[in-house]
Amino acid sequence: MEQPVQTETWKARSLEELIRILHRIFAEDKVSVEEVQALMESYTRNLVDNGNGKFNLMILCWGEGHGSSIHDHTDSHCFMKILQGNLKETLFEWPEKKGNGEMIKKSERVLRENHCAYINDSIGLHRVENISHTESAVSLHLYSPPFDSCNTFDQRTGHKHKVKMTFYSQFGERTLC
Amino acid sequence: TLLAKNNRLGGPGSLPKGLGQAPLGRSLRVLNLSGNRFAEVPPALLGLRGLQSLSLGGNRLHSIPPDIQELRSLEFLYLGGNFITSIPPELANLPSLSYLVLCDNKIQSIPPQLAQLHSLRSLSLHNNLLTYLPREILNLVHLEELSLRGNPLVVRFVRDLTYNPPSLQELAGRTIKARSVPYAPSDLPENLVRYLSLASNCPNPKCGGVYFDSCVRQIKFVDFCGKYRLPLMHYLCSPECSSPCSSASQSSTSQSESDSEDEASVAARRMQKVLLG
């Protein structure tokens, strides 16, 4: 995806509208990250769509204290919109080729309800966690192109491990985000 | 179900004294007191015999009372986000406990007795102060998920350079146990009878002996699914002993372990989600 000449400001008032607009945006060869981010931020709630092969849209539920492993995004774009609660995102540098030390934290932030974050491999790796011990969190994820495997990283050593991603809500740490 | 999260409960009398009595004592199944100000687990709730789910996440607890074992029906226990420094072995007496959350505390070690939690499916220990785990953790046959990130787990273990040889009492005790010398409580002073009952079995399959106070601590690194290496603490009866776990290059033992069953890889296959990264 590269920057197009003009960007629109979309507003999706229903799930069907969100998906319809996403199909329109992704029908083009060039898609604006900011456009998709704004569209996602304008919408709340539900369901999954497989974007006829150009994107995957899914819901993730995070129980109290749940977090993902540190992972990459397999050369895809990832939008993450918070539907409920808050999620902490910690960015990490890519480890050195023969990495054998603690991974370096770049930054961290708490993503509030309704915010939409964006990441891709050139930005870095991240870990996403629900650090609340009282509230669960729900997020809406858009990946383009869709991917079903990624690498998880051991924070202490930088070693990576390829994993296949599953699409049902699971207790414990998730590999997809 | 009683949900009282995100309040200011914590002072004396926060919970009614009669909470554990009939009818609530038997019928209350779910109690959520997360996000309050409890500095200790309120004793009033320990009478809730029917309680299946208890959350005290995000409070100010510094410890877990041994009487937690009174909650005989407990299946789900959330204690994340407190200031807990240690876990009482009595927690292992909860027969139905399936989900145990202890993340974001100040826990330095896990009592090996926790391996008696046969029903445990998920154990959350991330963000604590653990440097190793007891080797008995491999005995949790139903454990599917274990989170350990954010702990200062050792990656290298320097074997104790000094080894204090066992006392005469210990040597005598070891002999009695190893040779199954019969004795009755009337044969020995009470303190020695009690001492003999505290024998621990050496995990070395070639040894089959026991130890009391004098043991060698050894950490073996166990590979989980070729992904993560967990440091597991073994207590062995002498420097010549060796545990059957598969070891990494750091452990300096000359004994070959190929003939003993690789219990670690069996556990590793079973425990699909050891989550360190």
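A: Let's start with the sulfurs: counting a disulfide as a pair of cysteine sulfur atoms within 2.5 Å, there are zero disulfides over all chains. (Buried means under 20% relative accessible area, exposed over 50% and partly exposed in between, with a 1.4 Å probe and protein chains only.)

Some ground rules before going on. This is a predicted model, where local features need pLDDT of at least 70 and side-chain atom pairs count only at pLDDT 80 or more, though totals for chains, interfaces and linings use all residues. Residues are numbered from 1 along each chain as its sequence is written, chains are lettered from A and ligands numbered from 1 in the order in which they are written, and side-chain values use heavy atoms, with hydrogens and water left out.

Now for the nonpolar cores, meaning sets of buried Ala, Val, Leu, Ile, Met, Phe, Trp, Tyr and Cys residues joined through side-chain atoms within 4.5 Å. The largest has 47 residues, and the members touching the most others are B:Leu45, B:Leu54, B:Leu71, B:Leu100, B:Leu125 and B:Leu133. Zoom in on B:Leu133: setting aside neighbours within four places in sequence, its contacts (heavy atoms within 4.5 Å) include B:Ile110, B:Leu146, B:Leu230 and B:Met233. A second, separate core holds 23 residues, among them A:Leu15, A:Leu18, A:Val31 and A:Cys116. In soluble globular proteins, nonpolar side chains tend to be buried together.

Chain B as a whole has 277 residues, and 47% of them count as buried. Chain B contains four helices and 13 strands, read as DSSP runs numbered from the N terminus (helices: H or I, at least four residues; strands: E, at least two). If you take its contacts between residues at least 6 apart in sequence, 44% join residues at least 24 apart.

Within chain B, strand β4 (residues 76-78) is highest at a mean of 97, and strand β13 (residues 273-275) is lowest at 53. For the complex, the ipTM is 0.71 and the pTM is 0.74.

Back to chain A, and to a spot where the chains meet. A:Thr134 sits in the loop between β7 (125-129) and β8 (137-144) of chain A, and at a relative accessible area of 11% A:Thr134 is buried. Leaving out residues up to four places away in sequence, A:Thr134 touches A:Glu64 as well as B:Lys5, B:Asn6, B:Ser34, B:Gly35 and B:Gly57. A:Gly65 is 69 residues away along the chain, yet its C-alpha atom is 8.7 Å from that of A:Thr134.

One last pair of side chains to find: A:Tyr143 and A:Phe147 are both buried.

Definitions and conventions. pLDDT = per-residue confidence, 0-100.
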